[in-house]
Number of protein chains: 2
Amino acid sequence: MELIFLGTGAGVPSKERNVSAIALSLLQEQNSIWLFDCGEATQHQILHTSLKPRKINKIFITHMHGDHIYGLPGFLSSRSFQGGDTPLTIYGPKGLKQYVETSLALSETHLAYAISFVEVTDQMVIEAGQFQVFVQLLEHGIPCFGYRVVEKDKPGELLVNKLKDRGIEPGPIYQEIKENDHVTIPHIGTIYRKDVLGEPNRGKIISLIGDTRFSKDHIRLAQNADILIHEATFGKDKQNLAHRYFHSTTLEAAQLASESNCKHLILTHISSRYQQEANEQLLQEAREIFPNTELANDFSRFTIT
Amino acid sequence: MELIFLGTGAGVPSKERNVSAIALSLLQEQNSIWLFDCGEATQHQILHTSLKPRKINKIFITHMHGDHIYGLPGFLSSRSFQGGDTPLTIYGPKGLKQYVETSLALSETHLAYAISFVEVTDQMVIEAGQFQVFVQLLEHGIPCFGYRVVEKDKPGELLVNKLKDRGIEPGPIYQEIKENDHVTIPHIGTIYRKDVLGEPNRGKIISLIGDTRFSKDHIRLAQNADILIHEATFGKDKQNLAHRYFHSTTLEAAQLASESNCKHLILTHISSRYQQEANEQLLQEAREIFPNTELANDFSRFTIT
């Protein structure tokens, strides 16, 4: 699993930061990529990465503000133009389907693949192969949703010593034992998988909390996350401004990471009022509360191990 | 007058060329800038120029394909966010108003200025101060319009010798004579402006012919233009492809410039199949027919004198 930040700015693009988009590469896990938000020129940002638009098969939109959706029609068109022909599902708030369908219809764009729309609601759970995505309504003035991506636990490793003790030597039978609830072996008997597997490997948890006021309600989304991605539109001295515009500060993001027992925090959605020189200051503000913090820039990559 | 090419590619953005947009700076003439087409990330391109979005007061859209309009909602939003509060008029085909209004409404974008929409039709004439814009339907499969921008002739210079012959010495009276049909001066008599002005200065003509098959009908749009901007999606060996997809070749653009007695030709809307190395070849193809040709790149600027 790898996160690739395609746009880390707020509201309007700047020379340093494009508007919102984050790719979650699941190429190793399920040969696909998910996209979270798709601000204008997301497809342009993708041109500067190794990401293949046709591999993106799910797009999650947090809310309907332009800096989070205006790149969708262009991305969808180019995905088709560049040979993408596999279905794509778009999850997001009410109105998203109308926005995309109107844009495509009026521009006479005919895609080579089918789009499914899923209108998300508070507390929805989306099943997606070995992942579950939990949806929670945030506080942003208009409906805005956070997403908690939970990888299912993976079975532990075969305990080879235990198998050898039962007289089973390495071979294709090991794979068979791993893949079935139980296997009966002549002269040895029935082997139950649960008896010969180690501890399951806990699946990873990634929480994306975008465009919201700080709220302790969001601990549910962030609890024990391996990575919490949280918006930090403002520095710590702008808490009133953050509250007024339904946004968060560096400090509030760190507070949520800390109270939610997260492993890592990544700050994004940085206001264009902050130039590059301010990055270190913003980062340090969060690290005072939650040391394991990073600040995302456009094209930042984080591998989740 | 100055032309600034913001996007010179066709269909999809590439690392070298963004999708269509051309700015016509009339800052000296009327303190405004006009934009022709607004593909996705036009506002991003503008960030790399000295153009001020709030100075753009007219946008002309040639047709509804996504690579010509998907940058509109973002541009309009950011123009407002960045303090633009003066009215803006958008000219374009049927459907454009619905596209823009739907995008802005669903994204809950509230602009600080008013937008007027003018639905263009074949042979329409738009009056705009000292300019007239003639509209003509092209051949592109869907309604696509070319624009011929004609600056009105400017009055000639005062013929100082003639005035002196009449006994009128230089002073504020010269300005008065220039600004009025006639002026009566004690002891000298009535001076008619027409008698003391030199030849009028012919206004400039800029023709923009985008996304179309070649047609001699377009001579009407291009006739005697100081600058003809013509699409050249394909090289000369791809005439069949150009015809099939309702586009033009380098050679066809040059042919129109030649037959229309234009002064300069600028090629744009270059297919992403052509890398930078092909530019010289494409340019030479056109120059064989019409030597006074340039090939636009993103951020190319042409001053019209």
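## Salt bridges

Start with Lys194(A) and Asp195(A), whose side chains meet in a salt bridge at 3.2 Å, N to O. The term here means a side-chain nitrogen of Lys or Arg within 4 Å of a carboxyl oxygen of Asp or Glu. Lys194(A) is exposed, at 65% relative accessible area, while Asp195(A) is partly exposed at 36%. For these labels, buried is under 20% relative accessible area, exposed is over 50% and partly exposed is in between, using a 1.4 Å probe and protein chains only.

This is a predicted model, where local features need pLDDT of at least 70, side-chain atom pairs count only at pLDDT 80 or more, and totals for chains, interfaces and linings use all residues. As for bookkeeping, residues are numbered from 1 along each chain as its sequence is written, chains are lettered from A and ligands numbered from 1 in the order in which they are written, and side-chain values use heavy atoms, with hydrogens and water left out.

Another pair in chain A is Lys238(A) with Asp237(A), at 3.1 Å, N to O; here Lys238(A) is partly exposed at 24% and Asp237(A) is exposed at 57%. In chain B, Asp237(B) and Lys238(B) also form a salt bridge, at 3.1 Å, with Asp237(B) exposed at 58% and Lys238(B) partly exposed at 23%. There's a network too, linking Arg202(A), Asp226(A) and Lys263(A). Over all chains, the count comes to 20 salt bridges.

## Domains of chain A

Chain A is assigned a domain 1 made of 2-154 + 201-303, and a domain 2 covering 160-195. Those bounds come from an automatic or database domain assignment. The C-alpha centres of the two domains lie 44 Å apart.

## The annotated site

An unreviewed UniProt entry carries a "binding site" annotation on His63(A), His65(A), His140(A) and Asp211(A). They span 149 residues in sequence, yet no two of their C-alpha atoms are more than 10.3 Å apart, so they gather at one spot. Positions follow the numbering used here, feature names are shortened, and such annotations may be inferred rather than shown by experiment.

His63(A) sits in the loop between β4 (56-60) and α3 (66-69), and is buried at 0%. Helices (H or I, at least four residues) and strands (E, at least two) are DSSP runs, numbered from the N terminus. Beyond neighbours within four places in sequence, the contacts of His63(A) include His140(A), Cys144(A) and Asp211(A), contact meaning heavy atoms within 4.5 Å.

His65(A) is in the loop between β4 and α3 as well, but partly exposed at 21%. Its side chain makes a polar contact of 3.3 Å with that of His63(A). That term covers N or O pairs within 3.5 Å; within protein, one atom must be able to donate a hydrogen and the other to accept it, and residues adjacent in sequence count only if both atoms are side-chain atoms. Leaving out neighbours within four places, His65(A) touches His140(A), Ile142(A) and, from the other chain, Ser107(B).

## Where A meets B

Each chain puts 35 residues into the contact. Together they bury about 2,800 Å², 64% of it on carbon and sulfur atoms; buried area is the accessible area (1.4 Å probe) that two parts lose on being put together, summed over both. In chain A, Glu40(A), Tyr70(A) and Leu106(A) lose the most area to chain B, together 25% of what that side buries.

How many salt bridges cross this interface? The rule finds zero, though 10 residue pairs are in polar contact, both at pLDDT 80 or more.
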